Amino acid sequence: MGSRMNSYSWRILWLIILPLVLILGFMTLKKSNCQIGFSYNSSSAVRSGDQKAEVPSSASLPPISLEEGMDMQQPVIATEDENIAATINGLDISFSTNRTHDPPRNFSSLKKLEASLMQARAAIRVARNMDEIGDPDYAPYGPIYWNSTLFHRSYLEMEKRLKVYVYEEGEPPIFHNGPCKSIYAMEGSFIFHMETTKFRTRDPEKAHVFFLPMSSSMMVRFISLDRESRHHWSPMKGTIKDYVTLIASKYPFWNRSLGADHFIVACHDWGPELTKAVPNLFTNSIRALCNANTSEGFKPSKDVSIPEILLRDGTMHGLVGGPSPRQRRVLAFFAGGVHGPIRPILLEHWENKDPDVQVHKYLPKGVSYMEMLRQSKYCISPSGYEVASPRMVEALYTGCVPVLIKDHYVAPFSDVLNWKSFSVIVQIEDIPNLKKILMGISTRQYLRMQRRGKQVKRHFEVNYPPKRYDVFHMILHSVWLRRLNARIHGGS
């Protein structure tokens with residue numbers, strides 16, 4: 001009788017325990033499935049349960065022809081992360097992402113910054129599968145962009161996250177100053193706006209990038225030079241070397257990345273050469289240059305091409321606006337000095353040869369340069385001594401379609417903008433066929449390019465104070481893209 005009671009009791013106990021075990025096991029399995037189903041997958045599909053959202057490959061986006069390889073040449077990059085590709089243009093920007101997006105509280109400031117950039121990379125990548133993003137000021141669209149959705153998301157992520165530390169060392173006029181009136185006006189304009197912008201942080205530990213506020217134009221103007229000497233650059237290069245040495249000895253940030261998260265802005269023709277004063281500045285740092293010449297060491301994967309804009313009084317006053325295409329009686333126009341290898345060829349074939357192609361060394365007396373731009377359908381922008389020229393922006397300002405005749409040149413913001421959609425690119429050997437090439441463009445295609453030029457003009461406007469998507473913000477956005485592409489690891 002006792003054994004029967006014990007057996008019966010055990011059966012009752014198992015009937016109670018077994019359901020509890022099953023319930024606990026089911027809850028554990030469900031929790032595990034939730035963690036798997038919503039983890040971020042950096043392969044070609046974003047995983048969510050059993051459904052997969054395919055991501056188009058970067059090969060489906062149009063490439064831009066550049067002169068050299070696109071491999072980043074940073075001293076240290078993340079190797080343990082899984083790579084993903086987010087192509088805003090033909091310049092593949094290889095982002096990386098970890099599976100965990102929220103940085104632990106015990107992370108260093110650098111690791112928190114990198115985690116924040118990781119979130120931005122993921123958001124940009126996911127944007128390719130999204131519809132247009134609401135924006136009260138502007139919604140980029142159309143063929144002037146390689147990928148308007150990715151550009152828009154990247155720009156918004158920049159506004160949300162980017163912090164720039166501006167070094168306070170150095171004295172004006174060479175530092176914290178620059179020309180705001182002249183062909184090199186972008187140097188002074190950017191330095192001025194960078195020191196007053198909301199993107200600036202006073203805490204270097206919170207900075208994604210570090211700005212070296214020096215002006216190559218002011219160095220040429222104020223540092224004594226012996227122009228007859230083979231070493232006339234030496235005093236300016238010595239100034240830059242001393243400046244970077246001071247920064248590197250006072251702060252840990254330059255040595256931490258070997259300059260890879262630092263940037264400069266230089267519009268003077270000598271700017272690229274002066275950066276050779278410090279090897280890591282030339283090789284690793286982000287150089288925002290007007291003279292974006294790949295044959296002289298400009299690397300599109302880490303350097304930034306910025307526009308050369310001639311501001312005679314420091315503003316766009318009198319530079320913007322022009323008549324409708326139907327009121328433009330001149331097919332093509334150019335006027336400028338004969339220097340460099342391309343302009344002599346242009347003048348040899350077209351100076352005073354054809355009333356439709358108005359090519360001049362010097363304009364006739366009483367003829368306005370700006371009025372000729374406004375009366376022309378196409379405005380020719382050939383390289384001079386250097387590849388940069390303000391004529392490209394002057395054409396966009398006045399509603400004239402730019403004609404680029406350059407070699408080894410990376411056009412401004414070509415990581416985002418498809419210049420072939422709103423300008424004509426002519427090879428040097430095709431200069432004799434210039435009129436034939438322009439006449440071969442249909443009226444419909446010309447009107448498209450002219451309309452797109454008016455649309456893209458906002459990205460080249462100089463505003464005081466800056467406005468969203470204008471030239472100041474486009475320069476900063478190009479720097480932002482390069483910083484996204486460089487994963488910095490701290491040293492000791």
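Predicted model: local features only at pLDDT ≥ 70, side-chain atom pairs only at ≥ 80, totals over all residues.
**Close-up views of helix packing and loop geometry**

View 1. Residues are numbered from 1 along each chain as its sequence is written, and side-chain values use heavy atoms, with hydrogens and water left out. Helices (H or I, at least four residues) and strands (E, at least two) are DSSP runs numbered from the N terminus. Helix α12 spans residues 391-398, and eight of its eight residues are buried (under 20% relative accessible area; exposed means over 50% and partly exposed in between, with a 1.4 Å probe and protein chains only). The buried residues are Arg-391, Met-392, Val-393, Glu-394, Ala-395, Leu-396, Tyr-397 and Thr-398. Just after α12, Gly-399 adopts a positive phi of about 80 degrees.

**View 2. The pairing of helices α2 and α3.** Helix α2 (residues 109-127) and helix α3 (residues 148-161) have axes that come within 8 Å and cross at roughly 155 degrees. Helix α2 is therefore roughly antiparallel to α3. Axes are lines fitted to C-alpha atoms, for helices over the stretch in contact, and angles run from 0 to 180 degrees between N-to-C directions. Angles under 35 degrees count as roughly parallel, over 145 as roughly antiparallel, 65 to 115 as roughly perpendicular and the rest as oblique. The crossing of α2 and α3 is right-handed (the near helix is turned clockwise from the far one by less than a right angle; anticlockwise is left-handed). Contact means heavy atoms within 4.5 Å. Sorted by class, the contact of α2 with α3 comprises five nonpolar, four polar and three charged residues. Ala, Val, Leu, Ile, Met, Phe, Trp, Tyr, Cys and Pro count as nonpolar, Asp, Glu, Lys and Arg as charged, and the others, Gly among them, as polar.

**View 3. Helix α3 against helix α15.** The axes of α3 and α15 come within 10 Å, with a crossing angle of roughly 90 degrees. Helix α3 is therefore roughly perpendicular to α15. From α3, the contact draws on Phe-151, Ser-154, Tyr-155, Glu-157, Met-158 and Arg-161; from α15, on His-473, Met-474, Leu-476, His-477, Trp-480 and Leu-481. Seven nonpolar, three polar and two charged residues form this contact of α3 with α15.

**View 4. Helix α4 against helix α15.** Helix α4 (residues 185-194) packs with helix α15 (residues 471-485) at an angle of about 80 degrees, their axes being 10 Å apart. The two helices, α4 and α15, are therefore roughly perpendicular to each other. Met-186, Phe-190, His-193 and Met-194 of α4 meet Val-471, Phe-472, Ile-475 and Leu-476 of α15. The contact of α4 with α15 has seven nonpolar residues, one polar residue and no charged residues.

View 5. Met-218 belongs to helix α5 (residues 216-222) and counts as buried at 7% relative accessibility. Pro-173 and Met-218 are 45 residues apart in sequence, yet their C-alpha atoms are 6.5 Å apart. With neighbours within four places in sequence left aside, Met-218 is in contact with Pro-173, Ile-174, Asn-177, Gly-178, Pro-179 and Ile-223.

**View 6. Backbone features in two further loops.** In the loop between α14 and α15 lies Pro-465, where the peptide bond from Tyr-464 to Pro-465 is cis, with omega near -5 degrees. Asn-352 lies in the loop between α10 and β11 (357-360). Its phi is near 55 degrees, a positive value in a residue other than glycine. At 65% relative accessibility, Asn-352 counts as exposed.
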